[in-house]
Amino acid sequence: MEEQLTLLEGVLDEYREISGQGKVTQKEAIITRVTWKFVTMHHENDIEATKKLQNSVKNWLNNWSWELTDKEEYFQKTNWFTVFTSENADQIKEETQKLTEVAPSSPVYVQYW
């Protein structure tokens, strides 16, 4: 496990710096390279396990590639819509229930919000 984490952290800076045209292909190449290093470390020949591992590598790199420089980047930025909906949530819920028979827990409810 430690050697896998070391390998992932070793490519993280390279993964973060990818930008521009062809970035998806470049990121996929890094994911494939890391996945195959994991496979050769553990001598796994199971295709399904390799696919799951590749997804795990991709998720880890995507999650850790975001650099947060300050609190403002971490927290959701406030805009007029989020302020309005949070302050008027009860009234919006009442009006929505008056206009439609859709239950608040229904996925369709969101379009009436």
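# Exercises on a predicted helical model

Arg16 forms a salt bridge with Asp13, with 3.6 Å between the closest N and O atoms; a salt bridge is a side-chain nitrogen of Lys or Arg within 4 Å of a carboxyl oxygen of Asp or Glu. This is a predicted model, in which local features need pLDDT of at least 70 and side-chain atom pairs count only at pLDDT 80 or more, while totals for chains, interfaces and linings use all residues. Residues are numbered from 1 along each chain as its sequence is written, and side-chain values use heavy atoms, with hydrogens and water left out.

**Exercise 1.** State where Arg16 and Asp13 lie and how exposed each is.

Solution. 
- Step 1: both residues belong to helix α1 (residues 2-17), 3 residues apart, about one turn of the helix. Helices are DSSP runs of H or I with at least four residues, strands are runs of E with at least two, and both are numbered from the N terminus.
- Step 2: Arg16 has a relative accessible area of 28% and is partly exposed. Buried means under 20%, exposed over 50% and partly exposed in between, with a 1.4 Å probe and protein chains only.
- Step 3: Asp13, at 47%, is also partly exposed.

**Exercise 2.** Find the salt bridge of Glu14 and say which helices the pair joins.

Solution. 
- Step 1: the partner of Glu14 is Arg33, and their closest N and O atoms are 3.0 Å apart.
- Step 2: Glu14 lies in helix α1 and Arg33 in helix α2 (residues 23-42), so the pair ties together parts 19 residues apart in sequence.
- Step 3: Arg33 is partly exposed, at 34% relative accessibility.

**Exercise 3.** Describe the salt bridge of Glu28.

Solution. 
- Step 1: Glu28 pairs with Lys58, the closest N and O atoms being 3.4 Å apart.
- Step 2: the search of the whole structure finds 3 salt bridges.

**Exercise 4.** Locate Trp66 and give its distance from Arg16.

Solution. 
- Step 1: Trp66 is in the loop between α3 (47-64) and α4 (71-74).
- Step 2: Trp66 is exposed, with a relative accessible area of 68%.
- Step 3: Trp66 and Arg16 are 50 residues apart in sequence and 7.4 Å apart in space, C-alpha to C-alpha.
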